[in-house]
Amino acid sequence: MAILLEREKCLKKCTLCEEICPGDIIYMDAENYPLFRIQECWHCAACVEDCPTHALSVKLWFQS
Ligand code: SF4
Ligand code: SF4
């Protein structure tokens with residue numbers, strides 16, 4: 001599983017996804033876009049559900 005970011009939808013400095021991630025998986029890059037320590041992800045989808053602009057989505061590895 002991966003978390004995909006549509007950068008054009010991201011508000012960047014909102015940082016909500018970073019704040020709500022229960023596993024501290026998300027951190028912001030130098031431009032304030034979220035990055036994911038995906039191998040440590042709990043797959044809870046809280047970041048996907050709570051992003052105010054729907055910039056995040058879950059992708060399963062077998063999806064093309
Ligand atoms: S919650 Fe959404 S809009 Fe806010 S920083 Fe994360 S991906 Fe971007
Ligand atoms: S799915 Fe859950 S654990 Fe994984 S990055 Fe999103 S909020 Fe964090």
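Visitor: What radius of gyration does the chain have, and what would a compact globule have?

Guide: The radius of gyration is taken over C-alpha atoms, and the globule rule is 2.2 Å times the number of residues to the power 0.38. With 64 residues, a compact globule would have a radius of gyration near 11 Å, and the chain agrees because its value is 11 Å. Along the principal axes, the C-alpha atoms fill a box of roughly 30 × 25 × 20 Å. This is a predicted model, in which local features need pLDDT of at least 70 and side-chain atom pairs count only at pLDDT 80 or more, while totals for chains, interfaces and linings use all residues. Residues are numbered from 1 along each chain as its sequence is written, and chains are lettered from A and ligands numbered from 1 in the order in which they are written.

Visitor: Which pattern does the chain follow along the sequence?

Guide: Helices (H or I, at least four residues) and strands (E, at least two) are DSSP runs, numbered from the N terminus. The chain holds two helices and four strands, and their order along the sequence is β-α-β-β-α-β.

Visitor: How many residues surround ligand 1, and which are the closest?

Guide: A residue is near a molecule or strand if its C-beta atom, placed from the backbone, lies within 6 Å of it. Around ligand 1 there are 14 residues, the closest being Cys-10, Cys-14, Leu-16, Cys-17 and Cys-51. Ala, Val, Leu, Ile, Met, Phe, Trp, Tyr, Cys and Pro count as nonpolar, Asp, Glu, Lys and Arg as charged, and the others, Gly among them, as polar. This shell has eleven nonpolar, two polar and one charged residues. Ligand 2 is also surrounded by 14 residues, with Cys-21, Cys-41, Trp-42, Cys-44 and Cys-47 the closest; its shell divides into twelve nonpolar, two polar and no charged.

Visitor: Is Cys-10 buried, partly exposed or exposed?

Guide: A residue is buried if 20 or more other C-beta atoms lie within 10 Å of its own, exposed if 12 or fewer, and partly exposed in between, with C-beta atoms placed from the backbone. Cys-10 is partly exposed because 18 other C-beta atoms lie within 10 Å. Its place is in the loop between β1 (2-5) and α1 (16-20). Two residues are in contact if their C-beta atoms, placed from the backbone, lie within 7 Å. Not counting residues up to four places away in sequence, Cys-10 touches Leu-5, Tyr-33, Thr-53 and Ala-55.

Visitor: Which residues form the largest nonpolar core?

Guide: In soluble globular proteins, nonpolar side chains tend to be buried together. A nonpolar core is a set of buried Ala, Val, Leu, Ile, Met, Phe, Trp, Tyr and Cys residues joined through C-beta atoms within 7 Å. Here the largest has nine residues: Ile-3, Cys-17, Cys-21, Ile-25, Ile-26, Cys-47, Cys-51, Ala-55 and Leu-56. Beyond its neighbours within four places in sequence, Ile-3 is in contact with several residues, including Phe-36, Cys-47 and Leu-56. Of the 64 residues of the chain, 16% count as buried.

Visitor: What is the phi of Thr-15, and where does Thr-15 lie?

Guide: Most residues other than glycine have a negative phi. Thr-15 has a positive phi, near 55°, and lies in the loop between β1 and α1. Asp-24 also has a positive phi, of about 55°, although it is not a glycine. Asp-24 is placed in the loop between α1 and β2 (26-28), and counts as exposed because 9 other C-beta atoms lie within 10 Å.
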